[in-house]
Structure formats: structure tokens, C-alpha cells
Amino acid sequence: MRNTNPGWLAALMTSLVLLSVAACDPARDYASGDHCRKVSHKSNPYVVCRFNADTDDIRLFYANEQGEPYLQFDALADTVEAEGKQLVFAMNGGMYHDDRRPVGYLRDAQGDKASVNTNDGPGNFHMKPNGVFWVEGDRAGIDESQAYLDQEIDPEFATQSGPMLVIDGEIHPSINPGGTSRKRRNGVGVSRNGRTVYFAISDVPVTFHDFASLFRDRLEAPDALFLDGQVSRLYAPAIARNEPGLDIGPIVGVVE
């Protein structure tokens, strides 16, 4: 039988519009306290974990009060638990030398572990511009390394890595759209107002350009920083992820 009620069509169109908005708005994918989601971008699977700089306790970790590097997520989680808190998220927080010392600048709860590295050199870290992810009070940011120095920012936590993936809404000029190198990668992006922080990790090997476009196009982060590749790992117990592997250096994490 033909539906003669004109209201059904309007209701259907409204529902379709709402579904379209939800699909385009990454913020709608996350409920309060439910931080991590599986995301598909350009047919590649990722996990994206979203936190609020003004309400979530985002930190950088390297070593405990005795100066002993954590090296593994479980060791860090045990230390946090001993303080009466819970580690709810962690991933590689920047590149490191063979002895697990950070390649670039790192500030954890015990202070600075290295100074800002503006030297030229080989590898992804030195693919200028590189940058610094920092957390200060109720806001976070990502700045090119020299700009970070020029602004004399004095945050609670910070880590330097490279290259920048997205710079003021544009993908790093040296990241080739036709690049064929594929590795598992992780990185961080920050919203324009400095309140929303996105941590992302690919679940399959991806190109630099595809990874950068996740932050620019899907997450709409105007600035994003590459943290690590190939050895990238995720700790997110709420989605049953605690990935094993070789010892790592700097770790970025969230504590509740």
C-alpha cells in the first residue's frame, strides 16, 4: 500500500542527514570515558584514542624516580598502580637510541632528559621540520622544533620527534603522496584550540602520506607529529590491547 503520510519522507531525510553528520564528525565516535575506537581510513585500519587536555591526565614517561627506564608498558602500569592510579592508555612516545635514550627533547615527571635537537641528520627524526608535542596545564600543542624554542614554552610534559605530519592544516611538504614505503606507524595530533588530543596507530603497514592524511582529513587536526614506526605498539586495556615487543624508550600515556 502506498504511504500517503508526507511526514515519513521528512523524517527519513532528517535521519540520513544526522547519520551523515555523525560519519563526518570524529568527535561523535567517542563517549565520555570511552577513549579508543577502531577507525578505517583509505581502507586501512587504525586505532584512534581521543583525550581532552583539560580533563585527562596526559603524561610523558621514560624512567622512574630511581632513574630506571620503564622499557615496557607493564612496568609502567605497575608503577602507576602502586601510586593508586591506573594507566588507561600508552604508546611509543618518540624515537630512541639503541640504549633507549631519547633522540630528541623529552620532559617527564623527573625533568628534562635531553635538550631540543635541531641538528641535521639522517632518518625520519631529522626530516625537517620535526616538532615537539607538549602538555601545559589544560592545553596541549604541537610546534615545529625551532618555533617551540622561540616561544619559550615551559610545559609539564613534552617529547620531540619527527617529522611533522601536518603543519597548520597542510601535510609535510617532503611527504610524497606517491611514496611506497609501508610500516606500522603511530603519531599524535592536536585540535586547533589545544583541548583535544588524538593518538593514532595503524594496525597494518601504511605509507607516511596515508598516515598524515588520517590526521588532516579524518581527525581534522591542524597539527600532527609522527612518533615512531615499525616498532609502534599500543596499550589500551579497555579494548584488550597490550602489545608485547622489544624494550622501548619514551612512552606517552594517560593516567586515571
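Two strands are taken as paired if DSSP finds at least two bridges between them. The model described here is predicted.

Seven strands form an open sheet, in the order 1-2-13-12-14-10-11, with antiparallel pairing. Strand 1 and strand 11 (170-171) stand at the edges, each with a single partner strand, so one side of each has no neighbour in the sheet. Strands of a sheet pair through backbone hydrogen bonds, either parallel or antiparallel.

Two of the pairings can be followed residue by residue. Strand 1 (residues 36-41) runs antiparallel to strand 2, and six bridges join the two. In this pairing Ser-40 stands opposite Pro-45 of strand 2. The hairpin of strand 1 and strand 2 has two residues between the strands, and Lys-42 there takes a positive phi near 55 degrees. Further along the sheet, strand 12 (residues 185-190) pairs with strand 13 over five bridges, again in the antiparallel sense. Here Val-188 stands opposite Phe-199 in strand 13.

## The disulfide

A search of the whole structure finds one disulfide. The disulfide joins Cys-36 to Cys-49, with an S to S distance of 2.0 Å. Cys-36 belongs to strand 1 and Cys-49 to strand 2, so the bond ties together parts that are 13 residues apart in sequence. The torsion about the S-S bond of Cys-36 and Cys-49 is about 110 degrees, and the disulfide is therefore right-handed. Cys-36 is buried at a relative accessible area of 9%, and Cys-49 is buried at 1%.

## Salt bridges

The count comes to 16 salt bridges. Side chains of opposite charge can pair when their charged atoms come close. The table gives some of these pairs.

| Pair | N to O distance |
|---|---|
| Asp-210 and Lys-42 | 3.6 Å |
| Lys-113 and Asp-108 | 3.7 Å |
| Asp-203 and Arg-241 | 2.7 Å |

The side chains of Asp-210 and Lys-42 meet in a salt bridge. Asp-210 lies in helix 4 (residues 208-218) and Lys-42 in the loop between strand 1 and strand 2, so this pair ties together parts that are 168 residues apart in sequence. Asp-210 counts as buried at 13% relative accessibility, whereas Lys-42 is partly exposed at 46%. Lys-42 is also the residue with the positive phi in the hairpin.

Asp-203 counts as partly exposed at 29% relative accessibility, while Arg-241 counts as buried at 16%. Salt bridges that share partners join Arg-184, Asp-203, Arg-241 and Glu-243 into one network.

## Helix 4

Helix 4 is mostly covered, with eight of its 11 residues buried. The buried residues are Phe-208, His-209, Asp-210, Phe-211, Ala-212, Ser-213, Leu-214 and Phe-215. Among them is Asp-210, the salt-bridge partner of Lys-42. After helix 4 comes Glu-220, which has a positive phi near 55 degrees.

Where does Asp-56 lie? Asp-56 sits in the loop between strand 2 (44-52) and strand 3 (57-61). Asp-56 is buried but has no salt bridge, and the nearest side chain of opposite charge, that of Arg-50, is 7.3 Å away.

Which backbone nitrogen does the side chain of Asp-56 reach? The side chain of Asp-56 comes to 2.7 Å from the backbone nitrogen of Asn-52. Leaving aside residues up to four places away in sequence, Asp-56 touches His-35, Phe-51 and Val-254.

Terms used:
Residues numbered from 1 in each chain as written. Predicted model: local features only at pLDDT ≥ 70, side-chain atom pairs only at ≥ 80, totals over all residues. Heavy atoms only, no water. Helix = DSSP H or I, 4+ residues; strand = E, 2+ residues; numbered from the N terminus. Buried < 20%, exposed > 50% of the residue type's maximum accessible area, 1.4 Å probe, protein only. Lys, Arg positive; Asp, Glu negative; His and termini not counted. Salt bridge = Lys/Arg side-chain N within 4 Å of Asp/Glu carboxyl O. Polar contact = N/O pair within 3.5 Å; in protein donor to acceptor, adjacent residues only side chain to side chain. Contact = heavy atoms within 4.5 Å. Disulfide = S-S within 2.5 Å.
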